Amino acid sequence: RVCFMADKLLLDVQNRVVIGKKVKDLRKQGLLPVTVYGKGVGPFSVQVEARAFQAVYRQAGRTRLIEVSIPGQARQSVFVHDVQRHPVTRNILHADLWAVDLKAEMTAEVPVTTVGDSLLIARGDAMINIVLQTLTIHALPANIPQHIEIDVSVLDELGKQISVADLASSKDYKILDDPEQVIISLTETRTGTEEPSVEETPVEPELIRKDRAEGDGE
């Protein structure tokens with residue numbers, strides 16, 4: 001099952017003249033430096049309110065289209081291509097937005113998410129193992145799913161696994177990964193409940209004592 005977000009995400013930006021090390025002053029004002037570029041587009045140096053960008057990015061990730069309005073330019077449909085973060089605070093310092101042609105197919109890496117419950121996992125007999133974190137999708141930009149949900153409830157026996165070939169096909173996109181590639185499998189857990197191998201230890205003294213008792217009676 002594929003999740004699409006029907007509502008468009010809009011991001012209003014302003015043209016930016018501050019570049020280089022001076023962008024630190026922008027950040028102090030709560031503004032984020034952004035570059036918008038693509039085939040035949042830009043690059044445009046723009047700025048946006050940091051909070052506004054973070055709100056949009058939380059919803060869009062890197063696989064949902066965002067409509068960007070740049071003063072003096074036609075509205076652009078973009079994906080978040082890259083974000084640079086502070087190594088300590090993890091605050092976003094800069095963002096690159098990739099402008100796309102909505103009529104031209106493209107390739108993107110789409111994250112895998114799991115839904116459903118496996119009985120083996122629920123009772124602690126196995127752990128889920130996500131072998132493939134993303135799938136390579138080829139489609140028109142508007143048809144690229146934000147993520148692909150995989151139902152793990154079918155993993156009801158150890159040894160079962162889900163491969164690319166097990167996924168339902170779609171008229172909107174094509175999965176480019178090898179059909180035999182395993183996406184999700186199960187790993188058996190060790191319960192550690194086996195009985196210790198010293199069961200016979202208390203038996204031996206009893207036999208010895210019994211022999212001695214018989215000897216004393218003779």
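Reader: Is Q47 buried or exposed in this predicted model?
Author: Q47 lies in strand β5, which covers residues 41-49. Its relative accessible area is 14%, and a residue counts as buried under 20%. Q47 is therefore buried.

Reader: Which residues does Q47 touch, not counting residues up to four places away in sequence?
Author: Q47 belongs to strand β5, a member of an open sheet with the order β2-β6-β7-β8-β4-β5-β3. With residues up to four places away in sequence not counted, the residues that Q47 touches are V13, Q14, N15, R16, L26, L31 and L32.

Reader: Which are the edge strands of the open sheet of seven strands?
Author: The sheet has mixed pairing, and one of its pairings, between β2 and strand β6 (residues 66-69), is parallel over four bridges, with L10 standing opposite E67 in β6. An edge strand here pairs on one side only, and this applies to β2 (9-12) and β3 (14-15).

Reader: How many aromatic pairs does a search of the whole structure find, and how is the pair of Y37 and W98 classed?
Author: The search finds two aromatic pairs. In the pair of Y37 and W98 the rings are 5.5 Å apart, centre to centre, with 75° between the planes; since planes over 60 degrees apart count as edge-to-face, this pair is edge-to-face.

Reader: How many residues apart in sequence are the parts that the pair of Y37 and W98 ties together?
Author: Y37 is partly exposed at a relative accessible area of 22%, and W98 is also partly exposed, at 32% relative accessibility. Because Y37 lies in strand β4 (residues 31-38) and W98 in strand β8 (residues 92-99), the parts tied together are 61 residues apart in sequence.

Reader: What is the arrangement of the rings of F53 and Y57?
Author: F53 and Y57 both lie in helix α2 (residues 50-60), four residues apart, which is about one turn of the helix, and both are buried. Their ring centres are 5.8 Å apart and their planes stand at 20°, so the pair is stacked.

Reader: Which element gives the largest share of the largest nonpolar core?
Author: This core has 26 residues, and those with the most contacts inside it are L135, I137, I150 and I183. Elements that give two or more residues to the core are β9 (106-115), β11 (134-139), β12 (147-151), β14 (173-175) and β15 (182-188). The largest share, four residues, comes from β9.

Definitions and conventions: Residues are numbered from 1 along each chain as its sequence is written. This is a predicted model: local features need pLDDT of at least 70, side-chain atom pairs count only at pLDDT 80 or more; totals for chains, interfaces and linings use all residues. Side-chain values use heavy atoms; hydrogens and water are left out. Rings of Phe, Tyr and Trp (its six-membered ring) pair if their centres lie within 6.5 Å; planes under 30 degrees apart count as stacked, over 60 as edge-to-face and the rest as tilted. Buried means under 20% relative accessible area, exposed over 50%, partly exposed in between (1.4 Å probe, protein chains only). Contact means heavy atoms within 4.5 Å. Two strands pair if DSSP finds at least two bridges between them. A nonpolar core is a set of buried Ala, Val, Leu, Ile, Met, Phe, Trp, Tyr and Cys residues joined through side-chain atoms within 4.5 Å.
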